[in-house]
Amino acid sequence: MKRALLLCLSVMLSGFALADNHAEPTIYGQYFGVIASDPEAVVAAMTKYRKSATGQKLSSTVTLSANVANGTDQATHTVSVFYPSPAAMEADMKASMDSADRAAFVSAMGNAATIETENVFTQTNSKINDESLGGAGSATMLFGMTVFDAGRYTTALETILNSDAAAAFPGNMTSGTVVAMGEVPGTHWVAFQAKDMSTLLSGVEEFMSSNDFAAYAKDANEFRKIESRYLSRALLTLTPQ
């Protein structure tokens with residue numbers, strides 16, 4: 001079964017950053033989990049399309065990351081497309097749908113990778129400690145979860161994002177909701193990002209060993225269930241021209 005929140009492995013790699021603990025869903029995203037037979041061709045196709053006449057009209061930020069650990073999911077890479085609003089998502093789709101540039105991109109991607117799963121999500125909260133993150137090499141750990149009590153979850157999340165432990169994390173923390181993902185379980189996600197894998201792993205370990213996190217985790221099983229954990233490394237980020 002495809003995992004619920006693999007869709008957000010690249011969320012922290014988007015180059016977008018909300019104000020600390022902002023709680024409005026201002027970033028919308030589409031996720032494509034792909035099995036890449038030719039990763040270099042995937043990079044080339046994505047880069048060429050963004051530089052094309054059609055690609056230069058788009059407002060989205062696109063990321064490519066390599067999956068380091070994603071359980072039984074067969075996807076080797078993640079392609080995520082981020083929009084500043086639902087209106088921007090619609091405008092980009094209309095601008096690209098019938099273009100020759102997009103047709104060439106779809107053909108090139110089809111020869112280099114196959115789509116394993118697709119999803120839509122929002123990013124609703126963040127704790128930004130390092131605005132420079134987002135380039136190749138940065139690492140992300142994502143936790144997918146099902147929330148049964150949204151009120152308690154939101155309160156606990158806001159508390160932990162405003163804690164000393166969150167402020168000391170050597171990178172960024174974001175969270176959001178799942179909009180659509182078929183029959184795969186999961187309603188929310190939380191992601192941690194740092195400049196490299198070593199910094200990420202040690203930072204998450206220290207954060208989860210803190211008194212602040214212990215206070216959060218004490219009753220957490222009463223309002224949410226962890227469904228999955230994923231680890232990825234950024235390869236490419238393409239921003240609006």
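**P86 has a relative accessibility of 46% and therefore counts as partly exposed in this predicted model.** The residue belongs to helix α2. This helix spans residues 86-96 and is one of the elements that supply at least two residues each to the lining of the largest pocket. Y28 is 58 residues away from P86 in sequence, yet the two C-alpha atoms are 6.7 Å apart in space.

**Overview of the protein chain, with its seven helices and eight strands.** The chain has 241 residues, and buried residues account for 51% of them. When contacts between residues at least 6 apart in sequence are considered, 84% join residues at least 24 apart. The close-up views that follow include individual pairs of residues that are separated along the chain.

**The largest pocket, with a volume of about 730 Å³.** Its lining comprises 26 residues, and F32, V81, R102, F105 and V106 are the closest to the pocket centre. Strands β1 (27-36), β3 (77-83) and β4 (113-128) each contribute at least two lining residues, as do helices α1 (39-51), α2 (86-96) and α3 (100-112). Helix α3 gives the most to this lining, with five residues. By residue class, the lining consists of 17 nonpolar, five polar and four charged residues.

**Packing of helix α1 against helix α3, whose axes come within 9 Å.** Two packed helices are described by the angle between their axes and by the distance between the axes. Here the axes of α1 and α3 cross at roughly 175°. Because angles over 145 degrees count as roughly antiparallel, α1 and α3 are assigned to that class. On the α1 side, the contact is made by A41, V42, A45, M46 and Y49, while α3 contributes D101, R102, F105, A108, M109 and A112. The residues of this contact divide into nine nonpolar and two charged, with no polar residue. R102 and F105 of this contact are also among the residues closest to the centre of the largest pocket.

**The second largest pocket, containing about 270 Å³ of space.** Lining this pocket are 18 residues; M208, F213, Y216, R224 and I226 lie nearest its centre. At least two lining residues come from each of the strands β5 (139-147), β7 (188-194) and β8 (224-238), and at least two from each of the helices α4 (150-161), α6 (197-208) and α7 (211-217). The lining is made up of 15 nonpolar residues, one polar residue and two charged residues.

Apart from neighbours within four places in sequence, M141 is in contact with V190, A191, F192, L200, L201, V204, Y230 and L231. L231 lies 90 residues from M141 in sequence, and the C-alpha atoms of this pair are 4.6 Å apart.

**A234, a residue of strand β8, with G137 placed 97 residues away along the chain.** The relative accessibility of A234 is 3%, so this residue counts as buried. Between the C-alpha atoms of A234 and G137 the separation is 5.2 Å.

**T237, also found in strand β8, with L64.** At 27% relative accessibility, T237 counts as partly exposed, since this class lies between the 20% limit for buried residues and the 50% limit for exposed ones. The C-alpha atoms of T237 and L64 are 6.5 Å apart, although 173 residues separate the pair along the chain.

Notes:
Residues are numbered from 1 along each chain as its sequence is written. This is a predicted model: local features need pLDDT of at least 70, side-chain atom pairs count only at pLDDT 80 or more; totals for chains, interfaces and linings use all residues. Side-chain values use heavy atoms; hydrogens and water are left out. On a 1 Å grid over the protein atoms alone, a cavity is a set of points where a 1.4 Å probe fits but cannot get out, and a pocket is an open set with protein on both sides within 12 Å along at least five of seven lines; lining residues have an atom within 4 Å of a point. Grid points are joined across faces, edges and corners, and a volume is the space filled by probe spheres set on the points. Helices (H or I, at least four residues) and strands (E, at least two) are DSSP runs, numbered from the N terminus. Ala, Val, Leu, Ile, Met, Phe, Trp, Tyr, Cys and Pro count as nonpolar, Asp, Glu, Lys and Arg as charged, and the others, Gly among them, as polar. Axes are lines fitted to C-alpha atoms, for helices over the stretch in contact, and angles run from 0 to 180 degrees between N-to-C directions. Angles under 35 degrees count as roughly parallel, over 145 as roughly antiparallel, 65 to 115 as roughly perpendicular and the rest as oblique. Contact means heavy atoms within 4.5 Å. Buried means under 20% relative accessible area, exposed over 50%, partly exposed in between (1.4 Å probe, protein chains only).
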